[in-house]
Amino acid sequence: MQEVMQKVEQKVRELLSGESSGHDWYHVKQVRDMALRIAEKEGGDKEIIELAALAHDVGDRKLHASEQKGEEVTLAVLKESNVPESVMEKVMDIIRRMSFKGADVADDMPMLEGKIVQDADRLYAIGAIGIARTFAYGGANGRLLYDPDVSTEMHASKDAYYANKSPTINHFYEKLLLLKDRMQTKTGREIAEGRHAYMEEFLRRFMAEWEARD
Ligand code: NI
């Protein structure tokens, strides 16, 4: 299995190196390392966790023309690396369920391994790195930093969430500040606390500076 893992890692590195909107190899590496750290406390099958973490973003909807295309790329990475069929099915099931689909759309992740990888991924959507990635993504997609005239929206469907083009600051209220309470493991929740507090402090300062108060 070690050889399989190395192959997957190598393919993911090739596919994502130089990706500048926050889904590059180092993001994947951080999610893998964090998922394994959470698994130390929470348990779960480490191979499934590591494979799902490594492959979780190669088919991301933000990087492909369609969800189906993304899924094909992910499957190809696993198949070409000789991941056994039964393992591949579990990994694909986790990856399909992973993404955030709107503030008012509930998560559906029954497997412990999936909860762990999803928590690890979301921990990198918040905190200092989360803030950096959010603005990098916003810039790459032509979003304003902030516009006080555009109000935040709680999206009730994944289509509404995917279609929105609101300023980057709104994204904190529409997703990032909600993630702490959507953590699914105790360890994930504990780590999320500090990152969440840091984000709140960032927003407080941003608004103070925006209004020339600080
Ligand atoms: Ni990710």
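**View A. The largest nonpolar core of the predicted model.** The largest nonpolar core has 54 residues, and Val8, Val12, Val83, Val91 and Leu123 are those with the most contacts inside it. Helices α1 (2-16), α2 (25-42), α3 (46-55), α4 (67-80), α5 (85-97), α6 (112-123), α9 (168-174) and α10 (186-210) each supply at least two residues of this core. A nonpolar core is here a set of buried Ala, Val, Leu, Ile, Met, Phe, Trp, Tyr and Cys residues joined through side-chain atoms within 4.5 Å, where buried stands for under 20% relative accessible area, exposed for over 50% and partly exposed for what lies in between, with a 1.4 Å probe and protein chains only. Helices (H or I, at least four residues) and strands (E, at least two) are DSSP runs numbered from the N terminus. The model is predicted, and local features need pLDDT of at least 70, side-chain atom pairs count only at pLDDT 80 or more, and totals for chains, interfaces and linings use all residues. Residues are numbered from 1 along each chain as its sequence is written, and side-chain values use heavy atoms, with hydrogens and water left out.

View B. The axes of α1 and α3 come within 10 Å and cross at roughly 15°; axes are lines fitted to C-alpha atoms, for helices over the stretch in contact, with angles from 0 to 180 degrees between N-to-C directions. The two helices α1 and α3 are therefore roughly parallel to each other, given that angles under 35 degrees count as roughly parallel, over 145 as roughly antiparallel, 65 to 115 as roughly perpendicular and the rest as oblique. Their crossing is left-handed, a term for a near helix turned anticlockwise from the far one by less than a right angle, whereas clockwise gives right-handed. Met5, Val8, Glu9 and Val12 of α1 meet Glu47, Glu50, Leu51 and Leu54 of α3, contact being heavy atoms within 4.5 Å. The residues of this contact divide into five nonpolar, no polar and three charged, with Ala, Val, Leu, Ile, Met, Phe, Trp, Tyr, Cys and Pro counted as nonpolar, Asp, Glu, Lys and Arg as charged, and the others, Gly among them, as polar. Not counting residues up to four places away in sequence, Val8 touches Leu51, Leu54, Val77, Ser81 and Val83, while Glu9, under that exclusion of residues up to four places away, touches Trp25, Arg32 and Leu54. Glu9 and Leu51 are 42 residues apart in sequence, with C-alpha atoms 8.6 Å apart in space.

**View C. Ala53 and its surroundings.** Ala53 is found in helix α3 and is buried, with a relative accessible area of 0%. Leaving aside neighbours within four places in sequence, Ala53 is in contact with Val28, Val31, Arg32 and Val117. Between Ala53 and Gln118 there are 65 residues of sequence separation and, from C-alpha to C-alpha, 8.5 Å in space.

**View D. The oblique pair α3 and α5.** The axes of α3 and α5 come within 9 Å and cross at roughly 50°, which makes α3 oblique to α5. The crossing of this pair is right-handed. On the α3 side the contact is formed by Ile48, Leu51, Ala52 and Ala55, which meet Val87, Lys90, Val91, Ile94 and Ile95 in α5. By class, the contact of α3 with α5 has eight nonpolar, no polar and one charged residues.

View E. The axes of α4 and α5 come within 11 Å and cross at roughly 150°, which makes α4 roughly antiparallel to α5. Helix α4 passes α5 in a right-handed crossing. Glu71, Thr74, Leu75, Leu78 and Lys79 of α4 make the contact with Met88, Val91, Met92, Ile95 and Arg96 of α5, and by class this contact has six nonpolar, one polar and three charged residues. Asn82 is found in the loop between α4 and α5, where it has a positive phi of about 65° although it is not a glycine. Asn82 is partly exposed, with a relative accessible area of 48%.

**View F. Ala212 after α10.** Ala212 lies in the segment after α10 and has a phi near 55°, a positive value in a residue other than glycine. At 69% relative accessibility, Ala212 counts as exposed.
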